[in-house]
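Welcome, and thanks for taking a look at this structure.

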Amino acid sequence: MRYYFLVFLIIPIFIGWLELRVIVKSNRSARKKRYNEKRIKHFEETVPNEKTRRIEVRGCEYQNLTELVKVSFNLEDTFQLVIKKEREAFLFDLPLEISYPDFCAGIQFMTDLGDGERCYVTGWYSIGFVEMDEEAAPFSNSTVMLTIPDWDEELDVYLVSPESICYRHDRTRWDSLYTFSDTSISYRPIPEL
């Protein structure tokens with residue numbers, strides 16, 4: 001009997017089994033991601049009595065900072081940026097008209113200087129009522145901290161509540177948040193300008 005034909009039967013079965021494992025694994029990770037995802041249903045831009053759009057930048061030259069901020073946040077050339085140097089960091093306030101998605105996108109843009117260079121940007125944004133998945137978000141009516149940790153290669157923006165509860169935005173989807181359990185990112189109070 002010629003058993004060498006069994007090889008032509010076993011190899012496709014083995015390859016099919018490997019492909020099935022990959023599909024099952026990707027479905028599990030997609031389900032886990034969907035379970036962990038929180039969708040923002042309603043978002044109020046500012047807290048009525050507190051309005052903050054503050055940025056702290058480390059690792060950037062002062063000469064380039066003004067132009068970088070104007071490009072990152074789509075500010076007019078006539079906008080006067082008041083920058084305060086605090087030890088190793090630069091602090092400044094942005095106009096209150098900057099929306100939450102534009103603020104997050106600006107932090108991402110400022111962080112990646114290109115050619116492997118990076119500056120470290122942290123922002124504080126005061127928001128009003130936020131509804132996530134049919135209930136109030138734990139960070140509603142507060143000032144949240146937004147940052148990109150230096151270990152994050154994908155440049156995802158992380159939202160940290162005053163209670164140090166951490167969420168991660170996907171790269172450009174500002175209406176979805178993922179609970180992030182890493183405790184190395186903690187809330188820092190707003191530095192004085």
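In this predicted model, strand S7 gives the largest share of the lining of the largest pocket, with three residues. The space in that pocket comes to about 300 Å³.

**The largest pocket**

- The pocket is lined by 15 residues, and those closest to its centre are Thr122, Met145, Thr147, Pro149 and Arg188.
- S2, S7 and S10 are the elements that each give two or more residues to this lining.
- Sorted by class, the lining holds seven nonpolar, four polar and four charged residues.

**The nonpolar cores**

- In soluble globular proteins, nonpolar side chains tend to be buried together.
- The largest nonpolar core here has 37 residues, and the members that touch the most others are Phe92, Phe139 and Leu146.
- At least two residues of this core come from each of strand S2 (53–58), helix H2 (62–72), strand S4 (89–93), helix H3 (100–111), strand S7 (120–127), strand S8 (130–132) and strand S10 (142–147).
- Helix H3 gives the most to this core, with five residues.
- What does Phe92 touch, leaving aside its neighbours within four places in sequence? Phe92 is in contact with Arg53, Arg54, Ile55, Val57, Leu65, Val69, Leu81, Val82, Ile83, Met110 and Leu193.

**Helix H2 and what follows**

- Leu65, Leu68, Val69, Lys70 and Ser72 are the buried residues of H2.
- After H2 comes Asn74, which has a positive phi, near 50 degrees.

- Most residues other than glycine have a negative phi, and most peptide bonds are trans.
- Asn141 is not a glycine, yet its phi is positive, at about 55 degrees.
- You can find Asn141 in the loop between strand S9 (135–136) and S10.
- Is Asn141 buried or partly exposed? Asn141 counts as partly exposed, because its relative accessibility is 46%, which falls between the 20% and 50% cut-offs.
- Ser164, also a residue other than glycine, has a positive phi near 65 degrees.
- The loop between strand S11 (158–160) and strand S12 (166–169) is where Ser164 sits.
- With a relative accessibility of 35%, Ser164 counts as partly exposed.

**Thr52, a buried loop residue**

- Thr52 lies in the loop between strand S1 (37–43) and S2.
- Although it is in a loop, Thr52 counts as buried, because its relative accessibility is 11% and buried means under 20%.
- Leaving aside neighbours within four places in sequence, Thr52 is in contact with Leu96, Trp124, Tyr125, Ser126 and Ile190.

**The cysteines**

- A disulfide is a covalent bond between the sulfur atoms of two cysteines.
- How many disulfides are there, taking a pair of cysteine sulfur atoms within 2.5 Å as the rule? The count comes to zero disulfides.
- Cys104 is buried, with a relative accessible area of 0%.

Notes. Residues numbered from 1 in each chain as written. Predicted model: local features only at pLDDT ≥ 70, side-chain atom pairs only at ≥ 80, totals over all residues. Heavy atoms only, no water. Disulfide = S-S within 2.5 Å. Buried < 20%, exposed > 50% of the residue type's maximum accessible area, 1.4 Å probe, protein only. Core = buried A, V, L, I, M, F, W, Y, C linked by side-chain atoms within 4.5 Å. Helix = DSSP H or I, 4+ residues; strand = E, 2+ residues; numbered from the N terminus. Contact = heavy atoms within 4.5 Å. 1 Å grid on protein atoms, 1.4 Å probe; cavity = no way out; pocket = protein on both sides within 12 Å on 5 of 7 lines; lining within 4 Å. Points joined across faces, edges and corners; volume = space filled by probe spheres on them. Nonpolar A, V, L, I, M, F, W, Y, C, P; charged D, E, K, R; others polar.
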